[in-house]
Amino acid sequence: MSRVYNFSPGPSMLPEAVLAKAAEEMLDYQGSGQSVMEMSHRSKEYDAIIKGCEALLREVMGIPENYKVLFVQGGASSQFAMIPMNLMTGSGKADFVITGQWAKKAHQEAARYGEANVVASSADETFSYIPKLDPASFTKDADYFHICWNNTIYGTRFSEIPETGDVPLVADMSSCILSEPVDVSKFGLIYAGAQKNMGPAGLTVVIIREDLIGKAMKATPTMFDYKIHADNDSLYNTPPTYAIYICKLVLEWIKEIGGLEKMKERNEKKAQLLYDFLDSSKLFKGTVAKEDRSIMNIPFITGSDELDKKFVAESSARGLINLKGHRTVGGMRASIYNAMPLEGVEALVAFMKEFEANN
Ligand SMILES: *Cc1c(COP(=O)(O)O)cnc(C)c1O
C-alpha cells in the first residue's frame, strides 16, 4: 500500500487511524452483523453513534449547554440560505464581511431574503488580507453579523472575534473547525461542511444558540427550519449516517491526541514550517498579509505560470497531490488540515527546496 500526501482543499485527508478503524468495522460493526451504512438510523446501535458523536463534539469544542448541535445535509452552501431564512426575521437586515468567494456567496444568497449589508471587503486586493472592521459602520439592529473565519481559497483567517454587541455573530468555519480551540459562547451560530476537517462530504454541522431557533420565515421549507432538526435531535429524516459515524471516529482521534489545544500546537508547527520556508525562499513566495495567514490553507506562487505548472506536475509525480491553486488565484495552495501529518509538510518543503535548486 502506498498512500499519497493529499493537499486537497476538500474533500481532504482523513486520519489513517480513522480509516483503518472504519475498515475493521466495515462488515460487522461491533458484533451487530452489519455495516453502519446498512443500519436503520432509528436502531439502538445507531442511536449510540449519533449521540456519541454529538457528546464528543460538545466535549472537544466545549460547547455550552444553551447551544444545539445539528447534523444536517446540503453542505455549507445550503447554510448560505438556511441562515437568512431562519435568522433574518427581526429587522430583516444582516451584515457581511467579504473576505473571499465563500463570504461573497453567503452574502449574495442572504440578499435574496432581506437587506444584506457589506461592512467591509478585501476584494480590492484579491482577498489577500482581512479588512479592518469599524464597529461604527455595523448595522445596529441587524439580525446577525456574518463572517467566514478561515478563507479556504485565499488562505487568510480572522484572528480576532469581531465585537458585534447584541447582534449574533455567525461564522462559516468549514475549513478551520476543530483546528484550534474556539470560544463558542461568543458566536450565535457556527457552521461547517464536514469534508475539510471533520469527516466525509455529506454532513454539515450547525452549532446554534437556542434563542435563535424557532424564528424561521413562514415560507421556509420544513427541511430548512432549524427548529425541526433541533426538536427531532437531527433525526427528522434520515441523516447522513455513515458520515456522522466517521465524524465520531475523527473526534475520538482528536480526543486521544489531546484535544484542540494539542491540535492547534500541531497545526501551527506544520504551518510554521511551510511559512518559514516561503519567507526564506528566493523562488517561492506566499500571497497573503503575514498577520492574516491561515494555518489550514497556504497559497504560494513562483511568479511564473510556467514554473507553477511544472511544480504542480512534478510534485504530483512524487505523491504530493492536489497542490494546484484555486483558478481565481493561480499558483499553488497547500491545504494542511488536522489529518495532514508533519511528515507530509516536511516532504513538501524538501521537494520545494529541490525544485528551487533545479530551477
Ligand atoms: C468548502 C467551503 C464551503 C462550501 O462547502 P460545501 O459543503 O461544498 O457547500 C463553504 N465555505 C467554506 C469556508 C468552505 O471552505
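Student: How many helices and strands does the protein chain have?
Tutor: The protein chain has 9 helices and 14 strands. Helices here are DSSP runs of H or I with at least four residues, strands are runs of E with at least two, and both are numbered from the N terminus.

Student: What makes the protein chain as compact as a globular protein of its length?
Tutor: The radius of gyration, taken over C-alpha atoms, is set against a globule rule of 2.2 Å times the number of residues to the power 0.38. For 359 residues that rule gives 21 Å, and the chain's value is 21 Å, so it is as compact as a globular protein of that length. Along its principal axes, the C-alpha trace spans about 60 × 60 × 30 Å.

Student: Before we go on, what kind of model is this?
Tutor: It's a predicted model: local features need pLDDT of at least 70, side-chain atom pairs count only at pLDDT 80 or more, and totals for chains, interfaces and linings use all residues. Residues are numbered from 1 along each chain as its sequence is written, and side-chain values use heavy atoms, with hydrogens and water left out.

Student: Why is Ser 174 called buried?
Tutor: Buried means under 20% relative accessible area, exposed means over 50%, and partly exposed is in between (1.4 Å probe, protein chains only). Ser 174 has a relative accessible area of 6%, so it is buried. Of the 359 residues in the chain, 54% count as buried.

Student: Where is Ser 174 found, and which residues does it touch?
Tutor: Ser 174 is in the loop between β8 (169-172) and β9 (189-193). Contact means heavy atoms within 4.5 Å. Not counting residues up to four places away in sequence, Ser 174 touches Ala 76, Tyr 191, Ala 192, Gly 193, Lys 196 and Asn 197.

Student: What share of the contacts with a separation of 6 or more comes from residues 24 or more positions apart?
Tutor: Those residues account for 68% of such contacts in the protein chain.

Student: How many residues are in the largest nonpolar core, and which have the most contacts inside it?
Tutor: A nonpolar core is a set of buried Ala, Val, Leu, Ile, Met, Phe, Trp, Tyr and Cys residues joined through side-chain atoms within 4.5 Å. The largest one has 88 residues, and Leu 178, Phe 284 and Phe 311 have the most contacts inside it. Helix α6 (residues 241-257) gives the most to this core, with 11 residues. A second, separate core has 27 residues, including Phe 80 and Tyr 144.

Student: What does Phe 284 touch?
Tutor: Leaving out residues up to four places away in sequence, its contacts include Phe 277, Phe 300, Phe 311, Met 332 and Phe 355. In soluble globular proteins, nonpolar side chains tend to be buried together.

Student: How do you know whether His 229 is buried or exposed?
Tutor: Its relative accessibility is 4%, so His 229 counts as buried. His 229 lies in helix α5 and touches Leu 70, Val 72, Met 82, Met 223 and Ser 234, not counting residues up to four places away in sequence.

Student: What makes the phi of Phe 127 and of Asp 233 worth a look?
Tutor: Phe 127 has a positive phi of about 55° although it is not a glycine, and Asp 233 has a positive phi of about 50°, again without being a glycine. Phe 127 is at 6% relative accessibility, so it counts as buried. Asp 233, in the loop between α5 and α6, is at 52%, so it counts as exposed.
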